[in-house]
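Hello,

Here is the structure for your files. Notes on what was found in it follow below.

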Amino acid sequence: MAEVIGIDLGTTYSCVAWMNGETPVVIPNLEGNNTTPSVVSFTSGGQRLVGLPALRQAVTNPENTIYSVKRLIGKKFNSPEMEMIRKKLPYKLMEAPNGDILIKAGNEIYTPQEISAFILSYLKECAENYLGTKVEEAVITVPAYFNDHQRQATKDAAAICGLKVLRIINEPTAASLAYGFNTRKNGVVAIYDLGGGTFDITVLEIHEGIFHVLSTSGDTFLGGDDFDNRLISWLLEEFWREHHIDLSQDKFALQRIKEAVEKAKRELSFTPETEINLPFICSSDKGSLHIQKRINRSFLENLTHDLVERTLTICQQALNDAGLTTSRIDEVILVGGQTRMPLVRQMVADYFGRQPAARINPDEIVAMGAALQAKIIKGSVDDLVLLLDVTPFSLGIETENGGFQKIIERNTTIPARKTMAFTTVENNQRRVRIHVLQGESERAEMNKSLATFDLVGIDPAPAGVPQIDVTFEIDADGILRVSARDVGTGREQKIEIKPAAGLLPEELQEIIDRRKKEVKKTYDEEGLL
Ligand code: AMP
């Protein structure tokens, strides 16, 4: 029988788990490790590598080694966040005709969804290999603060590699599910999730198997990478001061620095002092130059203190939204690799006035929760477990003069559904345009455009007479659907949707077909077909 799995598709590392009876268990990858670097590399020989072998290529083949793709998924090429990170990536990004991002690697052009699909496909293969059976369905986690486009793009990535998504769930919620299922404790829990690229805080109440998210907040551009970047900037400045050479333009040197800095950061979580040692980092007219620096924990803490403070401001926002103070929190759960940093643990403990829960592996708990949710959806878990999650952003429409009318408020429990009546403003008007946005500002332009919906084929009538009920529905994956009904005729109203980002159904199908052909070609070449 085909098994179902849970996948934590992380910015830097991914993890896959399944339910062995009533116990969530992490599945090791083909190299035997519990987490897999979220890296895809294209070699000069035309090979595609995923995970650790791809990561090993990063220094020698930086232009064709794609990492942190989760930071790109569902984003616009010209968005302010992308302008910032584009400069730091050694691989090449391009703008798609609809303003989305494309990635150039190994003489081909890929969407971020395809790169994510290569990672998912590898994890699927690891699971099939380990379980000895086919895997066709999965629950995939995303940061709670992922917007509609990012969620849809993640679903598309799964479709490309032939995985059916049982549900998209939020990473912190998945973590709480694994924790609550395991401990059987009731109470209010704060999940503080600081991963490689994103930060999420979720406040939720667990009561007799019901997991009720009270609020969620976060920043999709705040994570371990930012801690690394502080050290990288410092090293580059030091090098400039000492040698008047700008290493930021040297892709190979930069990649070596990036790896060394991340390693040093990790070590400083366990040792008070470490050394960054990079011999022959570049050459000058005086010969080869090296980097050799001793750094201690408090130096790193001073460099990054404000990043942790930023996370605490977001925690306060989540508590305000839930109408709670820190004294009401019964347990704090730390998720994400960056929470291994002692400063993070200390500042979070000070803020909440309690030590975080012990015996939780921050790298694995999310995938375990996803595996549990997969089994729950399949109806194979005996206990009552009900997940009530929320939408992280308000959803609404543009009104006259560029205003924004919220229809579904942020932190509303999902699935959510709300209907609004629309009419025409001109006699015999045949179509009405609705611009749907996501965000909290009263000005439409400050929010994120999701799509425009054209209600077409309205029967001719005087202005203001037709009544068309438009229903906004956020499904359990946190993805919006819109439908419309002509109240007069009871007819389902036709809608033309123009998404502001993402793949159109026909584009997605084309990629799926292309990948299928590629798999077939490999099989043909290997004589397997
Ligand atoms: P995740 O997305 O949860 O896999 O988290 C990855 C992030 O955690 C990366 O930025 C890592 O550098 C960081 N990380 C992993 N282990 C440690 C550690 N021991 N100390 C500090 N940061 C770590």
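Is Ile210 buried, partly exposed or exposed? Ile210 counts as partly exposed, at 31% relative accessibility (buried is under 20% relative accessible area, exposed over 50%, partly exposed in between, with a 1.4 Å probe and protein chains only).

This is a predicted model, in which local features need pLDDT of at least 70 and side-chain atom pairs count only at pLDDT 80 or more, while totals for chains, interfaces and linings use all residues. Residues are numbered from 1 along each chain as its sequence is written, and side-chain values use heavy atoms, with hydrogens and water left out.

Ile210 lies in strand 15 (residues 210-219); strands are DSSP E runs of at least two residues and helices H or I runs of at least four, numbered from the N terminus. Together with Leu384 and Leu386, Ile210 makes a nonpolar surface patch of about 250 Å². Patches take residues with over 30% relative accessible area and no salt bridge, joining nonpolar side chains (Val, Leu, Ile, Met, Phe, Trp, Tyr) within 5 Å and like charges within 9 Å. A salt bridge is a side-chain nitrogen of Lys or Arg within 4 Å of a carboxyl oxygen of Asp or Glu. Areas are from the Shrake-Rupley method with a 1.4 Å probe.

A patch of negative charge on the surface gathers Glu506, Glu507, Glu510 and Asp513. Asp513 belongs to helix 11 (residues 505-525) and is partly exposed, at 35% relative accessible area.

Tyr110, in strand 10 (residues 108-110), is buried at 4% relative accessibility. Leaving out residues up to four places away in sequence, its contacts (heavy atoms within 4.5 Å) include Phe42, Phe118 and Arg515.

Regards

Definitions and conventions:
Lys, Arg positive; Asp, Glu negative; His and termini not counted. Charge placed at Lys NZ, Arg CZ, Asp CG, Glu CD.
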